[in-house]
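Load the model in your viewer and keep the selection panel open. The stops below go from one end of a helix to a ligand site and then to the whole chain.

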Amino acid sequence: MKTYYNSPILVSSCLLGICTRYDGNSQANPEIIKLTKTKILIPVCPEQLGGLSTPREPAEIVGNRVITKNGKDVTENFIKGAKETLKIAKIFGIKLAILKQYSPSCGCGKIYDGSFRGTVVKGDGITTRVLKKEGIMVVSEEEIGYIFP
Ligand code: SF4
């Protein structure tokens, strides 16, 4: 049942303190960083893997596209990043991924609505969708208290 507890875990790199966010910062999460003491964590940033620079323009999911704040369509970068992330997940036999909530790549259950006004709606980021489709369990950093109590 809980076999994924002993497998390497895929993690959004920004949660580990790596400065991969669109604004050039990280989103270090002490609970995730603490997991490095007992688990093998594999950091990934799908947006960098998709060929986007850091820093980069913020983007949100609008319908079936991903659009930056200035209106550039970066959907293909997001799809490429999701596919490359999946390759890494397969190489390491990943069963569980902990990804950054609200991100248009990594969001799990909650993303922004595409208006760039900070409005949250139900939904998954592009990478989360691809990983889930492959049967990988994805949770956000908000849920790790339930996974590793
Ligand atoms: Fe973090 Fe994911 Fe955004 Fe990369 S794409 S900065 S890992 S939330």
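Helices (H or I, at least four residues) and strands (E, at least two) are DSSP runs, numbered from the N terminus. This is a predicted model, in which local features need pLDDT of at least 70, side-chain atom pairs count only at pLDDT 80 or more, and totals for chains, interfaces and linings use all residues. Residues are numbered from 1 along each chain as its sequence is written, and side-chain values use heavy atoms, with hydrogens and water left out.

Select Gly135, which follows helix 4 and has a positive phi, near 85°. Step back into helix 4, residues 126–133, where Ile126, Thr127, Thr128 and Leu131 are buried (under 20% relative accessible area, 1.4 Å probe, protein chains only).

Next, select the ligand. Which residues are closest to the ligand? Cys14, Thr20, Cys45, Glu47 and Cys106 are, out of 14 that surround it (a heavy atom within 4 Å).

The ligand takes up the space of the largest pocket (more than half of its atoms within 2 Å of the grid points). A pocket is an open set of points on a 1 Å grid over the protein atoms alone, where a 1.4 Å probe fits, with protein on both sides within 12 Å along at least five of seven lines; lining residues have an atom within 4 Å of a point. Of the 26 lining residues, Arg21, Tyr22, Tyr102, Ser103 and Pro104 lie nearest the centre. Helix 2 (46–49) and strand 3 (59–62) each supply at least two residues of this lining.

Finally, show the whole protein: 5 helices and 8 strands, with C-alpha atoms in a box of roughly 45 × 30 × 25 Å along the principal axes.

Methods: Buried < 20%, exposed > 50% of the residue type's maximum accessible area, 1.4 Å probe, protein only.
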